[in-house]
Amino acid sequence: MPFRLVSADGQLSFELRPGMPLILGRALSSDLPVLDPTVSRRHAELTVEPSSVSLKDLGSSNGTFVNGARVSDVTVRTGDKVVFGKILFELHDLSPMLIDDGTAETKRRAARAGTTVIRQVPVPDADLTLERALRASGVQAAVDETAVVLPQHERDRLKLTLLLEVSKALTRVTDVGGLLEKMLQFTFRLVEVDQASILLLDEDRQLVERLTKVREGGTPHEVPIALAQSALDQKSALLSDNTANHSGTGPTRSSVCAPLIGGEGRALGVLYVDSAAATRRVDDDDLEFLVAFAGIGAVALDNLRFTERSRQDALIRGNFERFFTPMLAARIAAAPESLRLGGERRDVAVLFSDIRGFTTLAARLTPDETARLLTEYFSEMAECVFRHGGTLDKFIGDEVMAQWGAPISEGDDADRALAAACDMIAALQRLNARWLSQGRPRLQVGIGINYGEAFAGYLGSERRLEYTVIGDTVNTAKRLCSAALGGEILVTGAMRDRLVAPRALEPHTPLEVASRAGPIPVFRVVS
């Protein structure tokens, strides 16, 4: 009776049929290859019996477990949970009827299309495609330590084929951690070494060990940083036959340091491998091969980082463009240090705009009408702010708050804030004319602008942060907006003093503020 061994995640599935014993292990030459570091090269032997499967552990490092109990020799039945290393499988029946029906249906469909099916071979998923390609091409014979030694030219040909397959596999990885893991997995298949490590440059341009793996039963040791740094500085792969650990103790090792060089000659890091010289020396052939492999890995790493940066830049710009002009958002994304996380004090021009009598007006409108009216109004007001290089701080009910000067300031921030206010009045007049023709209500707004020092930075909770400005300058601008009549723009004396271009202003009733010793001078913009 045939069975099927299926992994818990559904990624691996092996058909078990009566006949020769089947070897499950990490080696690609295994009958049932499971490519996981917790699985030994020859982990277990499975033999199909009439109504069960005999399972024998082959002395694996991490053991074989059936239904939670570690086993050495046991009978497995349908539904049993089997763990090899840390990979969970379940044994299923493989119904002959289902197999025959599937094959027959395929042949019937092919016959109707005028095609004769000679043989049907299931296609594995993307992760298993490489493994099948390697086994089918005989490439693994070049690197499998259990294989018969092949002529050198045949080994070279097969290793080049393997490099091609490896390059395809590395391009499928979507994160840096996964890429480094794959690179070291392939390193152990490509060359017979005891340890492999990847070191990458950090933000301070220092080599940092990111990932290290050793052969089964081995103990990791420190990577000689001086040798790795020398390879990176010279941008040359180095073959060494006298590498020892930092303390000068331990066995002498032969090693290769292959630099990872990305596009335009950018140094990314180093691939380091070594072997105990007493067991197997890393030679010139390994050096040439690892240079090619490191080049493939560097290109994959460079492309992956570029993709991540592009994705992050797009996200940053997308977030910034909600509040800043597209041009300013691009400048901030290019120089994110301009947005200091802790905040800073800056001189800013702060504008508040408020609809007069909106509460009474909204009471006469349906919720849908209110939402539509505010959406059209806010869209126009935001465009006015952006058109003059301002930052849309927030909408507060029917109120608009904008500012100029944070996180990036210009010499004419006050002028641009005032120009935006005039533009807002003109834009609302155009909206009112259109709404009047549609039988919809008209709006009037009052605007107040102040200039002075304010705290600018990210404020909020751990769940929600907003870039905003706060302080007495902001509060005064809000008070000024409340004092403005419909269609009126009021500015403080501080705002008037910061204008570069002269504007027609006339004195207005000063603003009394409790926190100030005297009234604040106020001016009205003459249209």
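This is a predicted model: local features need pLDDT of at least 70, side-chain atom pairs count only at pLDDT 80 or more; totals for chains, interfaces and linings use all residues.

Residues are numbered from 1 along each chain as its sequence is written, and side-chain values use heavy atoms, with hydrogens and water left out.

**Exercise 1. Work out how the span of helix α11 compares with the expected one, and where its buried residues lie.**

Step 1: Find the helix. Helices (H or I, at least four residues) and strands (E, at least two) are DSSP runs, numbered from the N terminus. Helix α11 covers residues 472-483, which makes 12 residues.

Step 2: Check the span. The expected value is 1.5 Å times one less than the number of residues.

Step 3: List the buried residues (under 20% relative accessible area; exposed is over 50%, partly exposed in between; 1.4 Å probe, protein chains only). In α11 they are Thr473, Val474, Thr476, Ala477, Leu480 and Cys481.

Step 4: Look down the axis. The buried residues of α11 fall within an arc of 165 degrees, so they line one face of the helix. That arc is taken from the directions from the helix axis to the C-beta atoms.

**Exercise 2. Classify the aromatic pairs Phe84 with Phe89 and Phe378 with Phe395.**

Step 1: Get the rule. Rings of Phe, Tyr and Trp (its six-membered ring) pair if their centres lie within 6.5 Å; planes under 30 degrees apart are stacked, over 60 edge-to-face, and the rest tilted. The whole structure has four such pairs.

Step 2: Phe84 and Phe89 sit 5.7 Å centre to centre with 70 degrees between the planes, so the pair is edge-to-face. Phe84 is buried, at 0% relative accessibility, and Phe89 is buried at 0% too.

Step 3: Phe378 and Phe395 are 4.1 Å centre to centre with 20 degrees between the planes, so they are stacked. Phe378 is buried at 11%, while Phe395 is partly exposed at 38%.

**Exercise 3. Find the edge strands of the five-stranded open sheet.**

Step 1: Write down the order, β4-β3-β5-β6-β9, with mixed pairing. Two strands pair if DSSP finds at least two bridges between them.

Step 2: Pick the strands that pair on one side only: β4 (32-33) and β9 (73-76).
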